[in-house]
Amino acid sequence: MNTKLFLSAILKFALGVVLIGALLFLPAGTITYPQGWLLMGILFIPMFLAGLVMMAKNPALLQSRLNAREKQREQSLVVKLSGLMFLVGFILAGLSYRFGWWMLPRWVSILGAVLFLLSYALYAEVLRENTWLSRTIEVQEGQQVVSTGLYGIVRHPMYMATLVLFLSMPLVLGSALSFVVFLAYPAIIVKRLLNEEEVLSRELPGYTEYMHKVKWHLIPFIW
């Protein structure tokens, strides 16, 4: 076992739990925010299990997923806007629970949780299909174009999964105001994937041909 990688993964996981918990429960003014605990559970339990699987079977993939430092300058604004979206969205969800601002029915939270877990499963399948996936836009040594499976349907199945994943979060939290904030994510991800296509078509052999073969960027039959 790579002890350094293991400790790094555990530390980032723990920091994530503390940060998301603080953003949800401090504005809520209580730890008895059931929708908050529901999101924490469906977010971090599968994340922990997936981390253990990657640690055992593909530590290189885990290492690439932990690396969040972008090398492309064009992505700095995307990263900042995404961080701001999560910050405002989670705080608003906590405040909405605290003061009763446009809280959604409980069944919406359950539906959101189902959508979240389905998109998590889709995300896991993307990771299985493409072992070169990284959190940053880069071309790795020996990387090849993946054009089978989900990649034969859309060019960016990972972003397709995160689109459902992130839009379902405010539904799980039961906050209409938070959902409005998270509606910024489609615009953010479109900017990111267009820049990614530009980088890959320039630096990854065969990617231009792949773009001609697979028409849809993000959502089949729509765009």
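## Surface and overall fold

Accessible areas here come from the Shrake-Rupley method with a 1.4 Å probe, and for residues only the protein chains shown count as cover. On that basis the chain exposes about 12000 Å², of which carbon and sulfur atoms supply 70%. Please keep in mind that this is a predicted model, where local features need pLDDT of at least 70, side-chain atom pairs count only at pLDDT 80 or more, and totals for chains, interfaces and linings use all residues. Residues are numbered from 1 along each chain as its sequence is written, and side-chain values use heavy atoms, with hydrogens and water left out.

The secondary structure amounts to nine helices and zero strands, giving the pattern α-α-α-α-α-α-α-α-α along the sequence. Helices (H or I, at least four residues) and strands (E, at least two) are DSSP runs, numbered from the N terminus. Of the 223 residues in the chain, 44% are buried; buried stands for under 20% relative accessible area, exposed for over 50%, and partly exposed for what lies in between (1.4 Å probe, protein chains only). Contact means heavy atoms within 4.5 Å. Taking contacts between residues at least 6 apart in sequence, 78% join residues at least 24 apart.

## The nonpolar core

A nonpolar core is a set of buried Ala, Val, Leu, Ile, Met, Phe, Trp, Tyr and Cys residues joined through side-chain atoms within 4.5 Å. The largest one has 48 residues, and Leu24, Leu39, Phe90, Phe116 and Met169 have the most contacts inside it. Two or more residues of this core come from each of α1 (3-28), α2 (34-57), α4 (76-99), α5 (106-129), α6, α8 (185-203) and α9 (207-213). Helix α6 gives the largest share, eleven residues.

Leaving aside neighbours within four places in sequence, Leu39 is in contact with Leu24, Phe90, Phe116, Met169, Val172 and Leu173.

## Thr162 in helix α6

Helix α6 spans residues 157-173 and includes Thr162. Thr162 has a relative accessible area of 8%, so this residue is buried. Beyond the neighbours within four places in sequence, Thr162 is in contact with Tyr123 and Tyr185.

The side chains of Thr162 and Tyr185 are joined by a polar contact of 2.8 Å. Such a contact is a pair of N or O atoms within 3.5 Å; within protein, one must be able to donate a hydrogen and the other to accept it, and residues adjacent in sequence count only if both atoms are side-chain atoms. The Thr162 side chain also reaches the backbone oxygen of Tyr159, at 3.0 Å.

## A nonpolar patch

Trp107, Ile110, Leu111, Val114, Leu115, Leu118 and Val164 make a nonpolar surface patch of about 660 Å². Patches are made of residues with over 30% relative accessible area and no salt bridge, with like charges joined within 9 Å and nonpolar side chains (Val, Leu, Ile, Met, Phe, Trp, Tyr) within 5 Å. A salt bridge is a side-chain nitrogen of Lys or Arg within 4 Å of a carboxyl oxygen of Asp or Glu.

Helix α5 gives the most to this patch, with six residues. Leu111 is found in α5 and, at a relative accessible area of 42%, is partly exposed.

## Two positive phi values

Most residues other than glycine have a negative phi. Trp102, in the loop between α4 and α5, has a positive phi near 45°. Trp102 is exposed, with a relative accessible area of 61%.

Phe221, in the segment after α9, has a positive phi near 70°. Phe221 counts as exposed at 72% relative accessibility.
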